[in-house]
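Subject: Structure handover

Hello,

Here is the structure I said I would pass on. Please have the viewer open while you read the notes under it.

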Amino acid sequence: MTVKLNVHSMLALLLVAIFVAFMEGMDPNDLVQTITKGAGSTFGGVGLIVVLGAALGQLMTDCGASKKIADKMVAHCGLRTLKWGVMLVGVIFGISMFFEVGFMVVVPLVVSIAREAKIPYMYLIIPVLAGVAQGHSVFPPQPGPVALVDAFGADSGMVYLLGIVVVVPSVICAGIILPRFLSGLDKLAAPNLGNINETALRDYRLPSFGVCLLVPLLPAVFMIGNTIIRHFVANDTFIFKAFGFLGSPNISLLVAVLVAMYVFGIRAGRTISETSVTITSAMKGISSVIMIIGAGGVLKQVIVDAGVGQHIAAAAAGTSISPLILAYVITVIIRWATGQGAVAAITAAGIVAPLIPVFNVNPTLLMLATAVGSNTITMPNDAAFWMMKETFNLTMGQTFKTWGLLELVNSTSGLAVVFLLTLFI
């Protein structure tokens with residue numbers, strides 16, 4: 001529907017959800033309740049996180065904090081380690097921003113850096129986008145990972161700790177090793193892109209590099225801290241309860257946004273009104289994304305309530321296929337069909353969650369296998385595909401060769417690391 005008929009993704013997801021429900025013989029009245037439950041639970045569990053995440057990224061971008069992070073890290077990298085520096089920048093931005101926002105922030109920066117270093121720009125674009133894409137797909141508080149953590153009952157702190165183990169080698173494979181095997185990258189014409197607003201760094205009183213880096217990582221600090229505290233502190237103590245509160249995705253991200261409003265707003269020389277305008281702008285930019293994610297939640301709930309997930313789990317129980325591979329393949333197929341990584345993760349959650357008791361699989365490892373599946377090679381129904389193609393004036397073949405292959409390597413190498421973790425966990 002989205003590829004052939006150009007139907008809006010939100011409508012396509014809702015129509016398919018209704019179709020699946022009727023094919024499964026659901027009562028129409030039950031279907032109405034399922035639609036309400038699916039949309040409500042998704043908006044309630046993910047919607048606020050999506051808005052707060054967009055607000056945090058926009059607050060960083062508008063005052064120049066994002067540029068300061070990138071400039072500082074790259075300035076301390078020599079020519080040989082430049083790829084590693086921009087890749088790390090990409091992961092950080094992927095954790096703290098929507099992919100589209102991170103893309104628009106890092107691309108002009110990296111193209112400018114490549115010009116100054118006098119190296120082909122695609123040798124830096126591939127590492128930075130590998131980092132943005134994988135960071136966005138694996139780590140909370142991004143909507144896909146949050147939905148998977150909630151559906152699988154995974155521990156947020158363990159997701160960060162094991163996620164780092166998965167992300168590091170996968171982005172190295174996609175960002176550092178892959179370009180060595182791609183010919184013709186040096187022959188691609190450089191896009192006509194300038195740098196992001198240079199005046200921002202002069203107009204506002206930005207904090208130190210360390211503070212700029214810490215603020216977007218606050219949710220990770222609280223979530224990892226909560227996991228550690230729960231293993232070493234009694235559950236009736238104040239610190240246990242405090243970290244349990246602050247370590248939840250919604251609260252940790254809200255705290256980060258409030259800190260950002262002060263650090264990147266009031267302290268930087270902006271008024272409360274100006275920061276409010278920034279947040280409103282961020283909300284407008286992701287309104288369509290929220291609605292598509294909500295529709296994905298409806299399809300997920302139909303899959304759960306109609307028993308589709310149980311059918312697949314029962315069928316898989318009689319086979320020797322690994323639940324990690326099954327979860328990965330299901331998510332990849334949904335990603336190809338919908339063109340949305342978050343929607344793929346949320347929809348797959350309803351199908352994959354019943355596998356946990358059947359196979360007695362570790363929820364965190366299953367979450368990571370599903371997450372990397374949502375970050376695979378994309379088709380032309382994916383907005384990121386066209387952002388890459390049009391920004392760099394690539395042909396369809398060149399887009400698959402660059403963006404497509406980096407996503408495929410990111411995804412498959414990430415799954416391989418998850419399998420290695422099963423030897424120890």
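Below is what was found, starting with the whole chain and ending with single residues.

Please keep in mind that this is a predicted model. The mean pLDDT is 82, and 90% of the residues reach 70 or more. One stretch to treat with care is residues 194-201, where pLDDT stays under 50. The model does give that stretch 19 contacts beyond four places in sequence. Where pLDDT is low, though, the predicted coordinates should not be read in detail.

Overall fold

The protein has 21 helices and zero strands. Its radius of gyration is 21 Å, close to the 22 Å that the globule rule gives for 425 residues, so the protein is as compact as a globular protein of that length. Along the principal axes, the C-alpha atoms fill a box of roughly 60 × 55 × 45 Å.

Of the 425 residues, 56% count as buried. If we take contacts between residues at least 6 apart in sequence, 80% of them join residues at least 24 apart.

Surface

The protein exposes about 17500 Å², and carbon and sulfur atoms supply 67% of that area. A nonpolar surface patch of about 450 Å² is made by Met1, Leu5, Leu11, Leu15 and Val16. Of these residues, Met1 lies in the segment before α1 (9-23).

Two loop residues may be worth a look in the viewer: Asn360 and Asn393.

- Asn360 sits in the loop between α18 (355-359) and α19 (363-373). Its phi is positive, about 55 degrees, although Asn360 is not a glycine. Is Asn360 buried or exposed? Its relative accessible area is 70%, so Asn360 is exposed.
- Asn393 is placed in the loop between α20 (383-391) and α21 (396-421). Phi of Asn393 is near 55 degrees, again a positive value in a residue other than glycine. Asn393 counts as exposed because its relative accessibility is 61%, and the cut-off for exposed is over 50%.

Regards

Methods: Residues numbered from 1 in each chain as written. Predicted model: local features only at pLDDT ≥ 70, side-chain atom pairs only at ≥ 80, totals over all residues. Heavy atoms only, no water. Helix = DSSP H or I, 4+ residues; strand = E, 2+ residues; numbered from the N terminus. Buried < 20%, exposed > 50% of the residue type's maximum accessible area, 1.4 Å probe, protein only. pLDDT = per-residue confidence, 0-100. Contact = heavy atoms within 4.5 Å. Patch = residues over 30% accessible without salt bridge, like charges linked within 9 Å, V, L, I, M, F, W, Y side chains within 5 Å. Areas by Shrake-Rupley, 256 points an atom, 1.4 Å probe, with all protein chains shown as cover. Salt bridge = Lys/Arg side-chain N within 4 Å of Asp/Glu carboxyl O. Rg over C-alpha atoms; globule rule 2.2 N^0.38 Å.
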